[in-house]
Amino acid sequence: MKKTILLLLLSIIAMVCQAQEEHMKFAGIPLNGTINQFQTKLQTKGFVINSKINSMLPVGTRSFKGTFIGKKATVAVYYDTNTQIVYGAKAYFIDMTEEKVKEEFNNVKGMLSLKYVGHEITDGTKNQYPTLTINTNKGTIFVYIMKDELTINYPYIHSLHIEYHDFLNGLKHRSNVMDDL
């Protein structure tokens, strides 16, 4: 009897530890591993390096182009510069009118609300545009609209951003950054 209880307890502990090691996924890929490993996985899904944008980005961010949720997107992947471990990624869609970006926001919000039923979902606003935050045990998803005031592409000056942050690797990254202080 004691062996059975002990075995049951060890099984539960093993499941909890395994659950805590799960990572948030972006495009079906866990936000884990080095940037080069993550890049390889993105490339197998058809994403290509965005050389033009990469040359302007700081170390710790890498850009790609590809299809996300069935639409052409630019992707930014965030990684720790010391460990090279990925902790976040976002897809964004540019050159939309205000009407179109709000429509796309509502489409994405609907899809994420269905996928993450039972998780903490918070609506908000930033700069008079709607925002969405979803907290899970693996990480956080942010959805927001940005308006580019400097572009001459009026009225196509809006972009929709869907940003994913992994909880575990995000903590490790923040810890590494705090070591600098």
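## Largest pocket

Strand 6 (86-96) contributes four residues, the largest share, to the lining of the largest pocket. Strands here are DSSP runs of E with at least two residues, helices are runs of H or I with at least four, and both are numbered from the N terminus. A pocket is an open set of points on a 1 Å grid over the protein atoms alone, where a 1.4 Å probe fits and protein lies on both sides within 12 Å along at least five of seven lines; lining residues have an atom within 4 Å of a point. The structure is a predicted model, in which local features need pLDDT of at least 70 and side-chain atom pairs count only at pLDDT 80 or more, while totals for chains, interfaces and linings use all residues. Residues are numbered from 1 along each chain as its sequence is written, and side-chain values use heavy atoms, with hydrogens and water left out.

The volume of the largest pocket is about 380 Å³, taken as the space filled by probe spheres set on the grid points, which are joined across faces, edges and corners. Its lining has 19 residues, and those nearest the centre are Tyr-92, Ile-94, Asp-148, Ser-159 and His-161. At least two lining residues each come from strand 4 (61-68), strand 5 (71-79), strand 6, strand 9 (139-147) and strand 10 (158-166). By class, nine are nonpolar, six polar and four charged. Nonpolar covers Ala, Val, Leu, Ile, Met, Phe, Trp, Tyr, Cys and Pro; charged covers Asp, Glu, Lys and Arg; the others, Gly among them, are polar.

## Second largest pocket

About 230 Å³ is the volume of the second largest pocket. It is lined by 13 residues, with Phe-68, Ile-69, Leu-112, Lys-115 and Tyr-164 closest to its centre. Strand 1 (25-26), helix 4 (98-115) and strand 10 give two or more residues each to this lining. Helix 4 gives the most, four residues. The lining of the second largest pocket holds 10 nonpolar, one polar and two charged residues.

## Nonpolar core

The largest nonpolar core has 33 residues, and Phe-26, Val-77, Leu-112, Ile-141, Val-143, Leu-160 and Tyr-164 touch the most other members. Such a core is a set of buried Ala, Val, Leu, Ile, Met, Phe, Trp, Tyr and Cys residues joined through side-chain atoms within 4.5 Å. Buried means under 20% relative accessible area, exposed over 50% and partly exposed in between, with a 1.4 Å probe and protein chains only. Among the elements that give two or more residues to this core are helix 2 (35-44), helix 4 and strand 8 (129-135). Strand 6 gives the most, with five residues.

Outside the four places on either side in sequence, Tyr-164 has contacts (heavy atoms within 4.5 Å) that include Phe-26, Phe-68, Leu-112 and Ile-141.

Ile-35, Phe-38, Gln-39 and Leu-42 are the buried residues in helix 2. They lie on the same side of helix 2 because they cover an arc of only 105° around the axis, based on the directions from the helix axis to the C-beta atoms. Their cover includes strand 1, strand 4, strand 5 and strand 6.

Ser-63 lies in strand 4 and is buried, with a relative accessible area of 1%. Beyond four places in sequence, its contacts include Val-48, Ile-49, Leu-57 and Val-75.

## Overall

The protein has five helices and 10 strands. Of its 181 residues, 36% count as buried.
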